[in-house]
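Take a look at the model below.

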Amino acid sequence: MLEESTIQRVLAAAASRGADFAEIFAEEKRSSSALLDDGRIEELTSGRDRGAGIRVVVGESTGFAHTSDLSEAGLIAAAETAASAARGSGTGTTIVDLDRVNAPRPNLVRIMPGDVPKAKKVELLLMANEMARAEGAAITQVSARYADSHRRILVANTDGTLGTDEQVKTLFSISAVASGDTGMQTGRESIGRSVGFELFDTYEVGDLARTAAQRAITKLAARPAPSGEMTVVIGPGGGGVMFHEACGHGLEADLVGKGASVFAGRLGEQVASSLVTLVDDGTMGGEWGCFAIDDEGRPAQRNVLIQDGILVDYMWDGLRARAEGRASSGNGRRQSYQHLPMVRMTNTYLLGGTSTPDQILSDTESGVYISHLGGGQVNTATGDFVFGMTEAYLIEDGRITEPLREGNLIGNGPGVLTSIDAVGNDFAMGGPGTCGKDGQGVPVGDGVPTLRVASGLTIGGTAA
Amino acid sequence: MNPEELQQIADRIVSMAEPGEQIEAVVAWSRDTEVRAFEGEVEHFVSADSAGVGIRMISQGKQGLSWAGVLDDAALKECLAEARDNASFGSEDPNAGLAEPDGVEPEELSLFDERLVHADTEEKIRLAIELEAQVRAGDPRIFGIESADYADSVMATALASTTGIRRSSAETSVYLGVYALAGDEEDTTTGFGFSVGRALQDLDLAFAAQEAVQRCVRLLGATKAPSERLTVVLHPYVTSQFLSLIAEMLSGESVIRGRSPFAGRVGEEIAAPSLTMFDDATDPLSPTASDTDGEGLACRRVPLIDAGVLSGYMHNAYTARVAGTNSTGSAQRGSHRAAPGVGPHVIKLMPGDLSAEEIISQVGDGFLVHDIAGLHSGVNPVSGDLSVGADGVRIRGGELAEGIREVTIGSTLQRMLGDVVAIGSDLTYFPWESTGLTLAIADVTMSGQ
């Protein structure tokens, strides 16, 4: 994307007023999407962004500027803006030698989405529409979306890092509305991976369509969810977002550093049931949150955060790691060249245990079984979280019985972690997610086996 | 870049239309500054310009879009070619088409404050640092600051279309916002406060700081409560979030797609007779007011609920055509990257006569809701089912009693609209598309222990 000598001159300009650290992050991203609604291909959209963000760190202060002008003059102008924003008061440093980062690519892309005829993408949508509607006359509306992106990044900094990465993602999602005497209900399903169009060799859009349609139809017969604190069993794959929200965010070093995390100052302590081992892993091949290098040029890592219930480490970006005199854990990510990097999760998951899912269920007298959780949010300072149950059932006498209508689930991260009393052997990854933090969205993955939370979760239903 | 320069680019793109093609071009530019303070120093200072173009092409009833984050000639040409190619893969839709001029003149709103353009950088930094300092000094129980930010933006946009719409405008905005932490060994709470305007002079720093401190300390010692059915009193901030959701269900987009529980119900009673709701898009006091919508048509007042009776929906050109009516100037465009959707600018409830205190005393026994969480995960806009996390204060004997946290409140939006028992006089503006006021709703399920 940029010549090495240009990079060196831009870094020199960024550090010209004195800097502890300067960095250039260049990005070129192409994306395309197609949308089906009401039986029609509503539109195809393609987009293209390119530019560079320049960061200058002086002491505790960071200056940042970005530009869509990738010429040397444009980059140097941005570097000077960033340097003046950082308010350095020294003089220039020497030009650094750059060492190329060698990081293994976590995935191989076989079919570049850009090489696939648009007609083929449209065909997938039309097929999904037909398949969903074929599930029954109750299906009254279907919308579906295909999207792909191809992102090339280059990161270089005054520590001598020079890294590049190419990140390709493909996604398909479908939403079906079922109508009946009880009103309308929605069912959704999506698949997204950091791969190319070969995604559809592994996943049939017809299966996704059927799943979404069945979810909507099932919910037509659903009864209002009960209210109050109860035992909750979470199904494989569908509940990873709970660990992302309930503990992942609280383990981000920037929040910990500001005291805005319930997990601050608790390294080495038992923070969860001994059945809990929590991992954040940017190297997971093909998963939605994987990459070769993070957006600070650091190779992706597999980081164990909680081991057998003991808090082992937080997640780190370059800035926070630098202040602590340690290495980044490869969690420095940003939405685009227009954003500053910060500590972000990648693929966050709970390791599988030894119980079979049947054992866990039959051992549960009464409660709620959640096979699919929707979006959620957490207050990292208090650990209080909330998220939606998009597919849930009653558990009665150790068996899954009636479907429940949508509702929210609330709880407290540390409380839930200590209340996990069964972990299944059926680990599965969940759907693709977008994690929002401080106004920036980045792709993340999550996963869980079947697990049971004995207490501490409140179902917010509408039943009396 | 100024609006005229952007307009020239938009015009140039539109002039490249081939026979039979409809083209709409949106060109946007902004210059943004952001300062975050921490422990009396600048944590980061961001300064940047960004620009982008979005092209919508309709040809033979098929629609295609393309956008680019660069404005050089090569990028514009590629963007246009992509939009043209994309259009060839759309499904034919007899209703597809751009907005047509409708003769409604946009109101003159002063959304651009020249003073921001000349504002001193040091003053912006001082505001962020001072905000942090005031919050820290606001109460001894404040122990940390997650973020204390100053941000501003100078924006310009231009739109042109082959149907003869040409519109450009400029706007400024400033924001001060803080997230604070309070507590002791036992308990931690968080709170935010903010102030917005069009120039530095509009900002009320002390107000933003006080709000954050108040929100933090009022929840200290709050606990989970037993489940019960009761009357909830929504703080204006909470009401505004509910109104946003109801507005989503009254958008022509949800209605024509059969995704709204209010579809086909114009003329029916859908809310308590005390309730009148409308989009007051050109209210100059609102930070989200606008003179024109995302398709370049004049913004106007859109009646939605009149004394409890559904009076209509919001429409853009497309949804209006499908519904056999006219656009209400409600096309909303998130950015140059997006096709115009439908949404409100300044949703309002007609205020009532009672102050918040009077409503609390009138309700007697209930739950004053200060904040809600998980609104988007907890509401199904199709069915209207709703359950959200909530915190606030229990009302007993018409007085504020103990703090409550980690509970949910649940109902359906339809039922809640019908069960409105009191509407406050305290109309409050927010930096998003809905205003708020104190609102009391009977018979809501609170789930706790």
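What follows is a short tour, chain by chain.

This is a predicted model, in which local features need pLDDT of at least 70, side-chain atom pairs count only at pLDDT 80 or more, and totals for chains, interfaces and linings use all residues. Residues are numbered from 1 along each chain as its sequence is written, while chains are lettered from A and ligands numbered from 1 in the order in which they are written.

Start with chain A. Its domain assignment gives domain 1 (4–30 + 45–100), domain 2 (113–151 + 165–220) and domain 3 (227–460). Such bounds come from an automatic or database domain assignment. The C-alpha centres of domain 1 and domain 2 of chain A are 41 Å apart.

Now find helix 1 (residues 4–14) and helix 2 (residues 72–86) of chain A. They pack at an angle of about 25 degrees, with axes 8 Å apart. Helices here are DSSP runs (H or I, at least four residues), strands likewise (E, at least two), numbered from the N terminus. Axes are lines fitted to C-alpha atoms, for helices over the stretch in contact, and angles run from 0 to 180 degrees between N-to-C directions. Helix 1 of chain A is therefore roughly parallel to helix 2 of chain A. The cut-offs are under 35 degrees for roughly parallel, over 145 for roughly antiparallel, 65 to 115 for roughly perpendicular, and oblique for the rest.

Helix 6 (residues 240–248) of chain A is mostly covered, with 9 of its 9 residues buried. Buried means 20 or more other C-beta atoms within 10 Å of the residue's own, exposed 12 or fewer, and partly exposed in between, with C-beta atoms placed from the backbone. Phe243(A), His244(A) and Glu245(A) are among the buried residues.

Move to chain B. It is divided into domain 1 (3–217) and domain 2 (228–447). Their centres, taken over C-alpha atoms, are separated by 24 Å. Across the boundary, 26 residues of domain 1 of chain B are in contact with 24 residues of domain 2 of chain B. Contact means C-beta atoms, placed from the backbone, within 7 Å. On the domain 1 side, strand 1 (21–38) and strand 4 (142–161) of chain B are among the strands that each supply at least two residues.

Last, take helix 4 (residues 121–138) and helix 5 (residues 205–217) of chain B. They pack at about 40 degrees, axes 9 Å apart. The two helices of chain B are therefore oblique to each other.

Terms used. Contact = placed C-beta atoms within 7 Å.
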